[in-house]
Amino acid sequence: MSLRSLYLLSLLAAGGSAQAMSAGEYVAKAGDCTACHTAPGGAELAGGMKFPTPLGAIYATNITPDKLHGIGAYSFEEFDRAMRQGVAKDGHRLYPAMPYTSYAKMSAEDMRALYDYLMNEVPAQNVANRDSDISWPLSMRWPLAVWNQLFHDDQPYQADPQQSAEWNRGAYLVQGAGHCGSCHTPRGWAMQEKGLDGKAPVFLSGAELDGWYASNLRGLPPEEVTALLKTGRSRHAAVAGPMSEVVTHSTQYLSDGDLNAIAVYLRSLAPETAAKAAAPAVQANNPGGKATYAMYCSTCHGNKGEGTDFAIPALAGNATVTADNPLTALRVVLEGAHTPATQHAMAFDMPAYGWALNDRQAADLMSYLRGSWGNQAAPVTVQQVQDARQLQAK
């Protein structure tokens, strides 16, 4: 069943209006088109968003129905080819930063709905596309054909008959339009996702991308998933960094049925079971970090890192705090954070403390957070703090 059909069913079951959102707009929300194809301060879907890559920066394209710079001259077949195979109307190949490896799994019905929405409901914007910053010969695109042969499967999602309809709905959303693996799955030597579905144990196991660490999604509690995707926070946690934009532009608009399906699917993925090295004992005695926590953090997060339900995230047992890669938690300490303002919840802000803490104080604070209240994660080094500050400066 398509995304739109499921959305309509959930609205009708709740007594809502089936006219609240068109078929294609719902698919566009699920695919988070706005977040990538709208530059800061730019016209919606007119492109220009910058994406750094190891080869140089690339820029999202204009996907409004403008015939000169956008996709207004695309037939449905040409649009479908771009979405499933990464080949533009003129034949040039798209960089896989555009997640066609995930969009290929979308149903024909959802693809047609998305095309109709972009062509008929989105205002055309006469905004020229920007060339990538990748220099020749690395800018040549013919090697992408080889990349596709090695790493891309353009077949639509096939339901698993051994699983429930709800599980399959969640798998379709996560693997397809939601393209969750684009951020949360580790990348290989050719920048390919190391897994495209749950058959790969590293699928959605967490990855560093664009200066942030996208957390492990495998085996998460369903109530945590649905709350975070709908409101940006749950009883004990909150989203930060780029994920805040995902909630703002995408997941808050999904139906409760779809959110529950995503939660069911993620819960079914076996979490990582690899043994982790015990944190060094020095964390048990960290007077510097403890003093900094008492001065700057305890008023809101509590003396024992307990937080406040549905408002201030707990630090005890916080997966972002204890992640193998502390980058996201460290950037939140240095730069501050805000939860998204959604239809269901107000935004909360955490102030930045990078101005108040030197590198040693920040490292000691992070090490204290990662080694207290039952947390058992490796300490943070001064070098990691310095690296995070460099990312902030860019």
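## Talking through a predicted model

Biologist: Where is the place of P137?

Modeller: This is a predicted model. Helix α6 covers 108-120 and helix α7 covers 143-151. P137 sits in the loop between α6 and α7.

Biologist: What is the omega of the peptide bond that joins W136 and P137?

Modeller: P137 belongs to the loop between α6 and α7. The bond that joins W136 to this proline is a cis peptide bond. Its omega is about 10°.

Biologist: Which residues does UniProt list for "binding site"?

Modeller: The annotation comes from an unreviewed UniProt entry. Under "binding site", that entry lists C33, C36 and H37.

Biologist: Is C33 buried or exposed?

Modeller: C33 lies in helix α3, which runs over residues 33-37. Its relative accessible area is 12%, and the cut-off for buried is under 20%. Because 12% falls under that cut-off, C33 is buried.

Biologist: And H37, buried or exposed?

Modeller: H37 is found in helix α3 too. Its relative accessibility is 16%. With the cut-off at under 20%, H37 therefore counts as buried.

Biologist: Which residues does H37 touch, leaving out those up to four places away in sequence?

Modeller: Let's start with C33, which, with residues up to four places away left out, touches A28, L45, I63 and L114. L45 and I63 turn up again for H37. With that sequence limit applied, the list for H37 reads L45, A46, G47, A60, T61 and I63.

Biologist: Which residues lie nearest the centre of the second largest pocket?

Modeller: That pocket holds about 360 Å³ of space. Its lining has 14 residues. Those nearest the centre are Y157, Q158, Q175, D197 and K199.

Biologist: What is the phi of H179?

Modeller: H179 lies in the loop between α8 (165-175) and α9 (181-184). At 13% relative accessibility, H179 counts as buried. Its phi is positive, in a residue other than glycine, and is near 35°.

Biologist: One more backbone angle, please: what is the phi of F310?

Modeller: F310 is placed in the loop between α14 (298-301) and α15 (327-335). Here too a residue other than glycine has a positive phi. For F310 the value is near 60°.

Technical notes: Residues numbered from 1 in each chain as written. Predicted model: local features only at pLDDT ≥ 70, side-chain atom pairs only at ≥ 80, totals over all residues. Heavy atoms only, no water. UniProt positions renumbered as here; feature names shortened; annotations may be inferred. Helix = DSSP H or I, 4+ residues; strand = E, 2+ residues; numbered from the N terminus. Buried < 20%, exposed > 50% of the residue type's maximum accessible area, 1.4 Å probe, protein only. Contact = heavy atoms within 4.5 Å. 1 Å grid on protein atoms, 1.4 Å probe; cavity = no way out; pocket = protein on both sides within 12 Å on 5 of 7 lines; lining within 4 Å. Points joined across faces, edges and corners; volume = space filled by probe spheres on them.
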